[in-house]
Amino acid sequence: MAGPHRRDCLLAAFESLNRRDVARFLSVFDADVVTVDPSLNDREGRAGVLGIHWLLVVAFPDVRYNVDDILEVGPRTVAQDTALGPHTGALLIHPPPGAPT
């Protein structure tokens, strides 16, 4: 995600996730993207970014993302987001409670 339009690219990525447009989602990121997520470990590359999203879609098939804030510092662009949807599938070792999360 290089260049001055990183914020717009990140917004497009979340919009693509909400539409379940995987091809568009992956096209937003450079091949060497790194996703930092303390709860799921860091992931590298487009496949790593998609892997994190796929974990959530399996657990929350109707997940919808809302971007709360985007920070740009040097070469890093960070999104703070809220993901909402009923937890109806397994998330790693956690079984689904079936209640909205």
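Let me begin with two residues, Phe14 and Tyr65, both of which are buried, that is, under 20% relative accessible area with a 1.4 Å probe and protein chains only. The model is predicted, so local features need pLDDT of at least 70 and side-chain atom pairs count only at pLDDT 80 or more, while totals for chains, interfaces and linings use all residues. Residues are numbered from 1 along each chain as its sequence is written, and side-chain values use heavy atoms, with hydrogens and water left out.

I turn to the aromatic rings. Searching the whole structure gives two aromatic pairs; rings of Phe, Tyr and Trp (its six-membered ring) pair if their centres lie within 6.5 Å, and planes over 60 degrees apart count as edge-to-face, under 30 as stacked and the rest as tilted. Phe14 and Tyr65 form an edge-to-face pair, at 5.6 Å centre to centre with 65 degrees between the planes. This pair links distant parts of the chain, 51 residues apart: Phe14 lies in helix α1 (residues 6–19) and Tyr65 in strand β3 (residues 64–73). Helices (H or I, at least four residues) and strands (E, at least two) are DSSP runs, numbered from the N terminus.

Phe25 and Phe29 are also paired edge-to-face, at 5.2 Å and 70 degrees, and both are buried.

Which residues have the most contacts inside the largest nonpolar core? They are Phe25 and Phe29, in a core of 17 residues. Such a core is a set of buried Ala, Val, Leu, Ile, Met, Phe, Trp, Tyr and Cys residues joined through side-chain atoms within 4.5 Å. Two or more residues come from each of α1, α3 (45–59) and β3, and α1 gives the most, with five.

Key: Buried < 20%, exposed > 50% of the residue type's maximum accessible area, 1.4 Å probe, protein only.
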